[in-house]
Structures are given as C-alpha cells and as structure tokens.
Amino acid sequence: MPVINVEELTDLDKAKMEVTQLKTEVKLERAKVSKCCEEISEYIQSGADEDPLVKGIPEEKNPFKEKGGCVIC
Amino acid sequence: MGEMEQLRKEAESLKDEITAARKAVQDLTLQDHVAGTAVVGRVQLKTRKTLRGHLSKIYAVHWGDSKLCVSASQDGKLIVWDSYTTNKVHAIPLKSSWVMTCAYAPSGNMVACGGLDNMCSIYNLKGKDGNVKVMRELAAHTGYLSCCRFLNDNEIITSSGDCTCVLWDIETGSQKTVFAGHLGDCMSLGVAPDFNTFISGACDFTAKLWDIRDGQCRQTFGGHESDINAIGFFPNGNAVITGSDDASCKLYDLRSDQELITYQDSGIMCGVTSLAPSFSGRLILAGYDDFNCNIWDSLKAERVGVLSGHDNRVSCIGVTPDGMACCTGSWDSFLKIWN
C-alpha cells in the first residue's frame with residue numbers, strides 16, 4: 001500500500017476526501033453525555049483513592065525514595 | 001456551480017448535521033455532573049531522582065514498565081534508564097541525532113526512535129551478544145517522524161509531518177496500513193488500552209480516532225485553536241486528552257463524540273508540549289513551554305499542583321504503568337522522576 005503523499009493531493013482531492021469522511025462520521029451513534037459523564041466520574045472515583053499520585057506514597061513503600069538515612073527495623 | 005463549490009457546501013452541511021447531532025445528546029455538561037464533587041486536594045510532588053547523562057535537549061521519554069524508561073535526545077543518543085537506581089542500562093548511539101520521538105515495546109525487548117531522518121529505527125535490546133543494534137529501519141514517510149508506539153514486537157504505529165500515520169510490519173519493514181485524513185503535520189499518537197484503535201493529534205487542530213485493523217477514521221474532534229502537540233487515552237479507553245499550542249488541554253468523550261471539558265487558565269499563555277493522565281485518571285499532568293508542568297483535577301478542571309524544577313521547556317512526560325511516579329524530560333537535558 002503506497003504512502004499517500006498529502007502534498008500531492010489537489011484541493012479537489014482533499015475536498016472529496018473530507019466529504020467522504022464526514023459522511024461516515026455523520027452516521028455515528030452518539031450516547032447521551034449524562035451517561036458518559038456518569039461512567040467517567042465513576043471510573044475515576046473508584047480508582048482515585050488508590051491513585052499513588054493523588055493519595056501520596058508512604059516512604060517505606062516508595063521505590064524512588066532518596067537513599068541515605070537510617071532505618072530502625 | 002463548480003465541483004469544488006459543491007463539495008464545500010456539502011461539507012458545511014454535513015458539519016452542521018454533526019454539530020446538531022452532538023448537541024442533541026448533550027443533556028448535561030460534565031461541570032454540572034460534578035458540581036457536588038470536591039476538588040481533589042493540593043498535589044505536591046517532589047523530585048525523587050534526576051537522570052543525568054544526556055548532553056543536549058531531551059525530546060521524548062517512554063516507560064517500558066514501571067522501572068525502565070527510554071529517553072531520546074538531540075545529543076544523538078537513546079538511553080534506557082533504571083529509574084530506581086538512576087543507572088543507564090543502555091546508551092545507544094544513533095545514526096541521526098535529529099531525533100524527535102522514542103518508544104519502548106510492551107515486551108521490553110525493543111525500543112524505537114525517529115525524527116528528521118523521516119525513518120523509524122527499531123533496536124533489539126535482547127540480541128545474543130549483548131550489543132544493541134539496529135534491527136530494522138522503517139522508511140517511507142516523506143516527512144519527519146513525530147511519534148511512534150509499538151503494538152507488539154512485530155507491529156508499530158508511526159505519526160509523521162507528512163500528515164499520515166502508518167502501521168508497519170517490523171519483520172518485513174513494510175507498511176500494512178496508511179492512515180490518511182489529517183490536513184496538517186501529525187504531531188502525536190496514542191494507542192487504546194485494548195489495542196484496537198489509536199488516536200492522532202495534528203497541526204490541523206484536530207484529533208482523529210482510527211480503527212487499526214480496517215484503517216478507517218472513525219471520529220474527528222475539533223475545538224482547539226492551534227496545533228495539537230500531545231495526545232493520550234484516558235485510562236478506561238473511553239476518552240481522549242489533547243494538549244495544544246493554544247495553551248489548553250481538552251477531554252473528548254468517544255461515546256458521545258464531543259468535548260466534555262477544557263483545562264485552561266487565563267494565567268497560562270504558552271503551549272502544551274506533553275501530557276499524561278495519572279493511574280485513575282483523576283489527575284492530568286501537562287508539560288508547558290514555560291518550563292513547568294501543571295497538574296489538573298480532570299473532573300473539576302482546576303489546577304491542583306505544579307512541578308517546577310526544570311530550567312527549560314518540559315518536552316515530554318510519562319506516568320509509570322503502576323501509577324507510582326511520573327517522569328518529565330526537558331530541553332535542559334535532564335529527566336526528573338516525581339511522586
């Protein structure tokens with residue numbers, strides 16, 4: 001499959017490509033935004049409490065902690 | 001009426017239909033939905049490690065697993081780092097120093113890079129004699145390589161300044177699929193968590209969602225007022241985050257086919273160069289031209305933290321797969337690990 005050289009396409013070619021693409025996109029089934037917001041915020045809220053960058057990492061569990069200092073076992 | 005004029009009218013009419021269809025499902029905004037949610041607490045991350053070794057601007061960094069990452073610099077080197085110890089596992093000299101992107105294969109067996117040489121070079125890290133050598137040079141793009149991402153050890157997707165993205169067969173070095181449709185340089189790409197689709201951001205101010213197997217563009221997202229430099233999937237694969245020269249980031253939802261929220265602040269006037277979501281998606285970390293990285297609450301669109309410490313533009317950022325840290329790379333030649 002040859003690489004399509006976009007620089008070689010005429011304005012007419014580009015316009016035809018655009019219309020063809022828009023005809024595909026106009027048919028998309030779109031879900032209600034309220035339902036999508038629900039799903040996104042549920043996903044985030046169920047994970048945020050365990051998200052290390054949100055809740056912080058205890059020093060002994062941090063694989064990147066700076067070296068040095070004494071540890072009393 | 002000439003053909004060009006007819007096509008232009010048809011395009012306008014179709015765009016109006018799409019705008020109306022998007023409006024028709026907008027029964028709520030994200031702001032309304034999260035009105036009762038509190039903003040996440042102030043996020044203060046510290047630099048835990050500084051990875052020193054590059055001699056020039058760093059253009060890209062990519063995590064292989066939660067410990068190893070690969071970085072690319074215009075000093076003509078790819079360095080694979082053990083971020084826990086800061087040791088350099090590999091320092092790979094490149095044929096062309098004009099590198100703009102790098103990627104680590106999910107298996108950990110290979111890395112790839114490319115840039116103004118218009119090629120994507122694949123390196124085998126696990127060669128029998130221990131030396132890292134070029135395995136394949138994927139050449140066919142007629143513009144610079146802006147980004148690349150492995151699907152597996154035999155397939156990689158590239159984005160280019162020639163306005164296309166390509167899916168390659170690494171073994172044969174041939175293009176399996178060409179993804180054409182953008183009208184400006186493709187600057188960045190991201191692969192979906194399920195590996196069935198990928199997204200691209202371009203200098204035509206749009207982001208496109210592509211089906212990897214049939215080559216079709218499924219959805220196009222507009223709204224940005226300048227080049228999109230950075231793009232990534234939201235962790236659950238149902239939304240896309242973009243970063244642009246217009247100084248904003250946006251969240252687009254795939255199922256309702258529209259923008260849900262914009263992350264911007266009147267005090268920020270410089271372009272976004274890079275971005276990455278945190279593990280849960282609650283935070284979006286974005287690198288900017290003003291040497292900082294801002295941390296956004298993804299639901300409330302408020303800035304909840306800043307990573308400052310670099311002495312030049314933050315060009316790249318990545319969060320580890322386990323969410324334990326983020327890495328920033330800068331034109332100041334250093335990488336920093338924060339958590």
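Visitor: What is the order of the strands in the open sheet of chain B?
Guide: First, this is a predicted model, where local features need pLDDT of at least 70, side-chain atom pairs count only at pLDDT 80 or more, and totals for chains, interfaces and linings use all residues. Residues are numbered from 1 along each chain as its sequence is written. Strands here are DSSP runs (E, at least two residues), numbered from the N terminus, and two of them pair if DSSP finds at least two bridges between them. The pairing is antiparallel across four strands, and the order is β2-β3-β4-β5.

Visitor: Which strands of chain B stand at the edges?
Guide: Look for strands with a single partner, because one side of each is then left without a neighbour in the sheet. That describes β2 (58-63) and β5 (87-93) of chain B.

Visitor: What is the bridge partner of Leu78(B)?
Guide: Strand β4 (residues 77-82) of chain B pairs with β5(B) in the antiparallel sense, over six bridges. In β5(B), the partner of Leu78(B) is Ile92(B).

Visitor: How many residues of chain B are in contact with chain A?
Guide: Contact means heavy atoms within 4.5 Å. On the chain A side, 50 residues take part. For chain B, the number is 78.

Visitor: Which residue of chain A meets Glu10(B) in a salt bridge?
Guide: A salt bridge is a side-chain nitrogen of Lys or Arg within 4 Å of a carboxyl oxygen of Asp or Glu, and the rule finds five across this interface. In one of them, N to O is 3.2 Å, and the partner of Glu10(B) is Lys23(A).

Terms used. Chains lettered and ligands numbered in written order. Heavy atoms only, no water.
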